[in-house]
Amino acid sequence: MANYILAKQNGRNIPLEDKAFGASNRAKKMIAEQGKDKVINATIGSLLNDEGELVVLESVAEVVKTLKPVQYADYAPIGGVVTFKEAVKKAAFGSFQPKTYVEAMATPGGTGALHNTMINYSAVGDKILTTDWHWAPYNTIAGEIGRSVETFEMFDGEGKFNVAGFAAKVKELVAAQGSLVIILNTPAHNPTGYSLTDADWDGVMDAIKAEAANADSIVLLVDVAYIDFAGDEEEHRKFLPKLEDVPANVLPVIGYSLSKTFTLYGTRCGAAICLAQTEEIAAEFKRVNEFSSRAAWSNAARISQQILTEIYADEELLAKVSAERAIYRDMLINRGRAFEEEAKKVDLEIVPFDAGFFVSIPCENSDDIAKKLEAEGLFIIPLKKGLRVSVASISEAACRKIPAMIKKYM
Ligand code: PLP
């Protein structure tokens, strides 16, 4: 392979440059050369304020200052700090009280939960099922461990979540592999901003239950990285009870992340939380996850486990964090609505959008269009199926400008 000098490819597809970071670097270069007012950098997957600075919840930052050195400097247990495990269940579930056997494992971000679930519940060579529009690192994580990603079309011809397409792929992969790991990123899906509706969820669970009798195991990883930026926190957790009514060989796992919800991206903290039908399956989940963690990163960082512990030990503090987050969530939702409104005005088709960090525009020649827009100072990410605009990283005013700019090149 021409691309490798000493490194081994090992079946992986390793690009020379990450598309998102490449575009962001070009945006930064243009800002340095031509000034901030000439550039819209809508490539970044973190929440920025209207001035382009990272939003950090002050109430969370305050907690950091109260920590004693041993609370962050010591190793955490491999599976996570005990008080964190309790806190993160509350953070993920809200008022939902599961009846199933629940185990929470600390991971470095939601990424760690994805890695551990894929490696433990699929076999080498297996295909992991997700939507055709999806976060690209799913492929990276799967590829690194000898798995690959198979997709179904996320939307049908009427722009509805494609339950029939999902069911057909579940059936096909269960027949071929015996076991299956499914990843669904909802609510506020990256990159479309779609949230599964109640009816979508019923369709998904019916399809899984229908195939369970033919399968050794079906693991449904619900990637909820954006759950607290989708809108009402309880409303967007209403799907959780549906995960409990399944046969024992179906294991729902919540991939939770503190990156967005607590603006703790760089402290690398998240959790894999299972809802198992038997105590034995939950115990196995703990055992295999601890083993994988030990092999990949040993223990996860302690600091945000301690931060979450502190937040959930103090009702007043928790209320403060939630109230502060709600302000930024409203800011984000307003940006998304502004983008939708302007897209409608200029007749720019967007992928069904509910809320979240990103909006997507379906098109075929995304690389070409993105290149032309870069020349005009608009930086967005070209994907296989279209263009991704991060409304999280730009002002509402910029959200209003972009649809017409894109429409010009469609
Ligand atoms: N899932 C999706 C869809 C994401 O977009 C991200 C981050 O951008 C993650 C999971 C995990 O993020 P982290 O590992 O930073 O918690």
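Which helix holds arginine 335? Arginine 335 is found in helix 12, residues 315-345. The model described here is predicted.

## Overall build

The chain has 14 helices and 12 strands. Its radius of gyration is 21 Å, close to the 22 Å that the globule rule gives for 410 residues, so the chain is as compact as a globular protein of that length. Along its principal axes, the C-alpha trace spans about 60 × 55 × 50 Å.

Of the 410 residues, 55% count as buried.

## Surface and charge

The accessible surface of the chain comes to about 18,300 Å². Carbon and sulfur atoms account for 53% of that surface.

The chain carries 45 positive and 56 negative charges.

Is arginine 335 buried or exposed? Its relative accessible area is 1%, under the 20% cut-off, so arginine 335 is buried.

Neighbours within four places in sequence are left aside here. Arginine 335 is then in contact with Leu47, Leu48, Asn49 and Asp50, among others. Its contacts also include a run from Val391 through Ala392, Ser393, Ile394 and Ser395 to Glu396. Cys399 is another of its contacts.

Helix 5 covers residues 109-121. At 1.5 Å a residue, its 13 residues should span 18 Å; the end C-alpha atoms are 19 Å apart, which agrees. Helix 5 is mostly covered, with 10 of its 13 residues buried. The buried residues are Gly109, Gly110, Gly112, Ala113, Leu114, His115, Asn116, Thr117, Met118 and Tyr121.

Which residues does serine 292 touch, not counting those up to four places away in sequence? They are Asn116, Ile119 and Asn120. Asn116 is one of the buried residues of helix 5. Serine 292 itself is found in helix 10, residues 279-296. At 7% relative accessibility, serine 292 counts as buried.

## Lysine 85 in helix 4

Lysine 85 is found in helix 4, residues 82-93. Its relative accessible area is 12%, and lysine 85 is therefore buried, the cut-off being under 20%.

What surrounds lysine 85, not counting residues up to four places away in sequence? Lysine 85 touches Gly79, Gly80, Glu103, Ala104, Met105 and Lys286. Methionine 105 is 20 residues from lysine 85 along the chain. The C-alpha atoms of the two are separated by 6.7 Å.

## Helix 8 and its cover

Helix 8 takes in residues 198-212. At 1.5 Å a residue, its 15 residues should span 21 Å. The end C-alpha atoms are 21 Å apart, which agrees.

The buried residues of helix 8 are Asp200, Trp201, Gly203, Val204, Met205, Ala207, Ile208, Glu211 and Ala212. Which elements cover them? The cover includes helix 7 (163-177) and strand 5 (179-185). Strand 6 (217-223) and strand 7 (250-257) are also part of the cover.

## Cis peptide bonds

Most peptide bonds are trans. The peptide bond from threonine 186 to proline 187 is cis, with omega near -5°. The bond from asparagine 190 to proline 191 is also cis, with omega near 15°.

Where do these prolines sit? Proline 187 is in the loop between strand 5 and helix 8. Proline 191 is found in the loop between strand 5 and helix 8 too.

## Positive phi values

Most residues other than glycine have a negative phi. Asparagine 10 has a positive value, with phi near 50°. Asparagine 10 lies in the segment before helix 1 (19-34). At 62% relative accessibility, asparagine 10 counts as exposed.

Threonine 263 also has a positive phi, near 45°. Threonine 263 is found in the loop between helix 9 (258-261) and strand 8 (270-276). Its relative accessible area is 7%, and threonine 263 is buried. So asparagine 10 is exposed, whereas threonine 263 is buried.

Methods
Residues numbered from 1 in each chain as written. Predicted model: local features only at pLDDT ≥ 70, side-chain atom pairs only at ≥ 80, totals over all residues. Heavy atoms only, no water. Helix = DSSP H or I, 4+ residues; strand = E, 2+ residues; numbered from the N terminus. Rg over C-alpha atoms; globule rule 2.2 N^0.38 Å. Buried < 20%, exposed > 50% of the residue type's maximum accessible area, 1.4 Å probe, protein only. Areas by Shrake-Rupley, 256 points an atom, 1.4 Å probe, with all protein chains shown as cover. Lys, Arg positive; Asp, Glu negative; His and termini not counted. Charge placed at Lys NZ, Arg CZ, Asp CG, Glu CD. Expected span 1.5 Å × (residues − 1). Contact = heavy atoms within 4.5 Å.
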